[in-house]
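Please look through the sequence and the structure shown below, and keep both in view while you read the explanation that follows them.

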Amino acid sequence: MTTPLIGASNAILKITELINNVANTGLNVLITGETGVGKEVIAQNLYANSNRATKKFVTMNCAALPETLLESELFGYKKGAFTGADKNRLGKFKTADKGVLFLDEIGDMPILLQSKILHVLQSGEFSPLGSDQEHKSDVWVIAATNQNLEEKIKNKTFREDLFYRLNIINIHILPLRKRKEDIPSLIEYFYRSNQLNYPQSQCSMPDSETLTLLCDYPWPGNVRQLKNCIKMQLVYNSWGKILEELPRECQETNITIQKGGQSKGAKPVAKDSTRIMSQFIDISTSSDKLFEDISLKKIKKLASGRVEK
């Protein structure tokens with residue numbers, strides 16, 4: 001069953017309109033956006049609205065397998081093609097014939113395999129491993145990535161010609177924090193669709209105050225994180241428990257924190273941590289120098305401890 005596109009934001013309405021216009025064209029589509037925004041949902045809706053909806057929708061995660069296995073999964077192989085190939089096997093391109101092949105995480109596809117994908121897109125033909133025979137493939141390819149492919153092209157890790165072949169139609173999904181007006185509708189949808197799986201739950205939809213707090217949260221994990229939070233709520237029977245967990249995640253994913261726990265340009269944490277902590281207990285008496293010597297992550301931790309106390 002295809003998950004519908006949920007939301008009333010201009011971004012979602014424009015994507016819905018684009019899906020209706022593109023679905024029956026068969027033009028290759030590249031879906032971009034952060035992890036968890038719902039790229040596969042977009043692909044499923046393209047498929048469901050197309051004249052290929054009676055055929056198969058086949059998904060291949062390009063980041064899930066090493067190059068050798070990925071190639072055999074995509075193109076199939078003949079018996080004896082390699083050790084362990086004891087029978088013929090159809091690949092994704094053959095399985096999805098007349099239907100849709102969704103190449104998820106296309107940005108992680110090895111550079112050598114990209115040329116073979118390009119050949120299929122250009123000629124509509126491919127050869128299984130261990131075979132010289134060309135097979136025809138009438139597949140609508142929809143690809144998705146959370147990476148900047150233009151940057152990967154500059155770094156020679158993604159083929160420019162493949163990018164332009166895939167990116168005939170581009171659908172970019174904004175992160176949830178930039179379309180907060182969709183959050184109430186998503187909460188209601190996930191709540192209703194999962195409620196039957198948790199019949200013991202006594203919780204109802206969030207009240208207006210709780211809903212405001214949920215809409216103000218930045219949702220670094222996007223729609224996937226929101227969906228999981230609704231499932232947690234149905235287990236905990238408490239919106240309060242969910243609200244307790246969210247600020248903790250927000251601290252851990254703050255975009256100003258760089259690798260190693262330091263904010264960009266921050267000086268290392270002072271060695272005399274006891275002196276810093278004793279000064280920080282009363283923020284009003286702390287000097288500006290203190291904040292230059294301590295990481296933002298440490299400041300947050302100390303501030304949280306003061307509030308809890």
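E71 is buried, with a relative accessible area of 14%, where buried means under 20% relative accessible area, exposed means over 50%, and partly exposed lies in between, for a 1.4 Å probe and protein chains only. The model is a predicted one, in which local features need pLDDT of at least 70 and side-chain atom pairs count only at pLDDT 80 or more, while totals for chains, interfaces and linings use all residues. Residues are numbered from 1 along each chain as its sequence is written, and side-chain values use heavy atoms, with hydrogens and water left out.

E71 is found in helix 3; helices (H or I, at least four residues) and strands (E, at least two) are DSSP runs, numbered from the N terminus. Leaving aside neighbours within four places in sequence, E71 is in contact, meaning heavy atoms within 4.5 Å, with G76, L113, K116 and L129. The buried residues of helix 3 are L70, E71, S72, E73, L74 and F75, and what covers them includes strand 2, helix 4 (92-95), strand 3, helix 5 and strand 4 (125-126). Just after helix 3, G76 takes a positive phi of about 75 degrees.

**Two helix pairs**

Two packed helices are described by the angle between their axes and the distance between the axes. Axes are lines fitted to C-alpha atoms, for helices over the stretch in contact, and angles run from 0 to 180 degrees between N-to-C directions. The axes of helix 3 (residues 67-75) and helix 5 (residues 111-123) come within 10 Å and cross at roughly 15 degrees. That makes helix 3 roughly parallel to helix 5, since angles under 35 degrees count as roughly parallel, over 145 as roughly antiparallel, 65 to 115 as roughly perpendicular and the rest as oblique. The contact is made by E67, L70, E71, L74 and F75 of helix 3 together with L112, L113, K116, I117 and V120 of helix 5. These residues divide into seven nonpolar, no polar and three charged, where Ala, Val, Leu, Ile, Met, Phe, Trp, Tyr, Cys and Pro count as nonpolar, Asp, Glu, Lys and Arg as charged, and the others, Gly among them, as polar.

Helix 8 (residues 183-195) and helix 9 (residues 208-216) pack at an angle of about 110 degrees, with their axes 10 Å apart, and they are therefore roughly perpendicular to each other. In this pair, I183, P184 and I187 of helix 8 meet L211, L214 and C215 of helix 9, and the residues of the contact divide into six nonpolar, no polar and no charged.

**The nonpolar cores**

A nonpolar core is a set of buried Ala, Val, Leu, Ile, Met, Phe, Trp, Tyr and Cys residues joined through side-chain atoms within 4.5 Å. Of the 28 residues in the largest nonpolar core, L74, F93, L103, I106 and I117 touch the most other members. Helix 5 gives the most to this core, with five residues. L74 touches M60, G91, K92, F93, L103, M109, L113 and I117, not counting residues up to four places away in sequence. Apart from this core lies another, of 19 residues, among them W219, L226, C229 and I242.

**A buried loop residue**

A23 lies in the loop between helix 1 (10-22) and strand 1 (29-32), and A23 is buried, with a relative accessible area of 2%. Leaving aside its neighbours within four places in sequence, A23 is in contact with L46, N49, S50 and W140.
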